[in-house]
Amino acid sequence: MLRVPSRIGKRTHAPAYHLILEGILILWIIRLLFSKTYKLQERSDLTVKEKEELIEEWQPEPLVPPVPKDHPALNYNIVSGPPSHKIVVNGKECINFASFNFLGLLDNPRVKAAALASLKKYGVGTCGPRGFYGTFDVHLDLEDRLAKFMKTEEAIIYSYGFATIASAIPAYSKRGDIVFVDRAACFAIQKGLQASRSDIKLFKHNDMADLERLLKEQEIEDQKNPRKARVTRRFIVVEGLYMNTGTICPLPELVKLKYKYKARIFLEESLSFGVLGEHGRGVTEHYGINIDDIDLISANMENALASIGGFCCGRSFVIDHQRLSGQGYCFSASLPPLLAAAAIEALNIMEENPGIFAVLKEKCRQIHKALQGISGLKVVGESFSPAFHLQLEESTGSREQDVRLLQEIVDQCMNKNIALTQARYLEKEEKCLPPPSIRVVVTVEQTEEELVRAASTIKEVAQVVLL
Amino acid sequence: MCCHGLPVGGSPSSPGCFVPLIQKTGGLLLTAERGGRMNVGTAHSEVNPNTRVMNSRGIWLSYVLAIGLLHVVLLSIPFGMYIFLHTVKGTPFETPDQGKARLLTHWEQMDYGVQFTASRKFLTITPIVLYFLTSFYTKYDQIHFILNTVSLMSVLIPKLPQLHGVRIFGINKY
């Protein structure tokens, strides 16, 4: 390229600096062609000897770790028959204070008839996710009915209750987004948060001052970096009635904080759906809050509705997103139609008898009062919460010992025909492990005398075991 | 014609002339994965398809053709490529990796951040070749030289591995 053959008869020289630059570029091209591909982070600076040493030192952990013989997972009680009001445990008939059958719909003949009719019509399973011929008219019916019942625009059904909130959170919250969540959030919410890869900020249980402090800190950060704040989404995740503590979330304050600090609220209503509120619509009806203030309500149908699966409801714009982004919706088989039909019938019963919610509330209050004043045990939970906990007033110091004491109480109550259970957790996986407790569940089907008998039994047993 | 029957596993088929040369010189050009064809309209297990776009069948050829067509308006090419490769961030579709590539430009997303892959080398060398051609056509005129060199540098420098993820003065960071 030194002499450019001219077309007009003039000789054009390439200037020297240009030639140097072209030379550099050609050298650059050659270097490029020779360079190896490499990943940016994988620059391991270990020598071969160091690698060998590390391999020598490594001791594999046993595939099956040693487990004590009295581990609860190895000694379980066997239930024969339905876990309805009277439950047959290990051959003994007890009154059920352990299953979340709040409205007694588990054994309801109408619900069973609807399920049977659906079984005869559709068969048992759906054999496919919603996108591949797994959508039946009962699914669309149930979604419609739930949306109408909760007075939202749309609802979406999941086939497994745990997967509902665990799929809903990562569908909206991604890397770089911030989620403010209560410390007492249940395990399903924790797994959803883990899957979302977002920044998690825990606030003390039901402590709105702590939440406001965190929100204020975030606001200061946002003002320092407004460009980052513009692409960061903020969420607050709370439960209506907390499974781990039986307490209710202060929703009016949360809505105020939501509008003040521009965050979105995800409300998990598994224990409060079909329990709180005049018509069983949950904690929003209980407080009289407009349902449009809550961005997403998620609940599982395995408690009050006595079916399987879960649902999310809210505005169409929000719920529609989960039809493609909800992992549990797109990649799991859909809910068996007989369970969807059972849920529809359960909704019918709930709509026809709105009086059962007041009855349930009254029974909760009754047993709550009756269980006060047991020496050694304290009642944890709201007076209107149908699932509350009995914790040891003074812990012995070791969790295993506490668990053993409570198990003793449970076993002795079982001998006296009261079926109770301890609240179980995956101890190594929980973020904030709650203290060991006995979880007592009140249902509509328990009579007053049964409640009185249960309270006195627990009192006697606790006195024997703990003193 | 110039494509020998050299068995090169997983190479894109269009730059067939390019690859045997690389093979002969012994440079480790390809990654272990198949930089294969993008099956249009079928399901694939690629988490972020943006990383494989530049490896798909026929894209190198389309790129050269597009440049040839736009060759008339010489200045628009480096400007356009700069916008698409180094300015626009994220993906136009939802990815199942929870937004890992939200803050990365297309260049940084290519091949999941592996440096000096076939497509990256191709996209680096093409502006240089274009630069040679333009210098030749403008008869080494001084003003054109300055403009062309500046645009070449602006396209070459962001492609250096040292500048992976670097945002100068915080421009284009979020």
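A pocket, on a 1 Å grid over the protein atoms alone, is an open set of points where a 1.4 Å probe fits, with protein on both sides within 12 Å along at least five of seven lines; lining residues have an atom within 4 Å of a point. A volume is the space filled by probe spheres set on the points, which are joined across faces, edges and corners.

Colleagues, this is a predicted model, in which local features need pLDDT of at least 70 and side-chain atom pairs pLDDT 80 or more, while totals for chains, interfaces and linings use all residues. Residues are numbered from 1 along each chain as written, chains are lettered from A and ligands numbered from 1 in the order written, and side-chain values use heavy atoms, without hydrogens or water.

I begin with the second largest pocket, whose volume is about 840 Å³. It is lined by 27 residues, and the closest to its centre are Leu324(A), Gln327(A), Phe331(A), Glu94(B) and Pro96(B). In chain A, helices H5 (161–172), H12 (322–325) and H13 (327–330) each supply at least two lining residues; helices here are DSSP runs of H or I with at least four residues, and strands are runs of E with at least two. The lining comprises 13 nonpolar, 9 polar and 5 charged residues, where Asp, Glu, Lys and Arg count as charged, Ala, Val, Leu, Ile, Met, Phe, Trp, Tyr, Cys and Pro as nonpolar, and the others, Gly among them, as polar.

I turn to the chain interface. Gln98(B), Tyr140(B) and Tyr174(B) supply 23% of the area that chain B buries against chain A, more than any other three residues.

Within chain A, the domain assignment gives domain 1 (76–106 + 354–466) and domain 2 (109–352). Their C-alpha centres lie 26 Å apart, and 26 residues of domain 1 are in contact with 32 of domain 2.

Finally, an unreviewed UniProt entry lists residues 16–34 and 155–173 of chain A as "transmembrane region". Residues 16–34 are 100% helix, whereas residues 155–173 are 63% helix and 21% strand.

Key
UniProt positions renumbered as here; feature names shortened; annotations may be inferred. Domains from an automatic or database assignment. Contact = heavy atoms within 4.5 Å. Buried area = accessible area lost by both parts, 1.4 Å probe.
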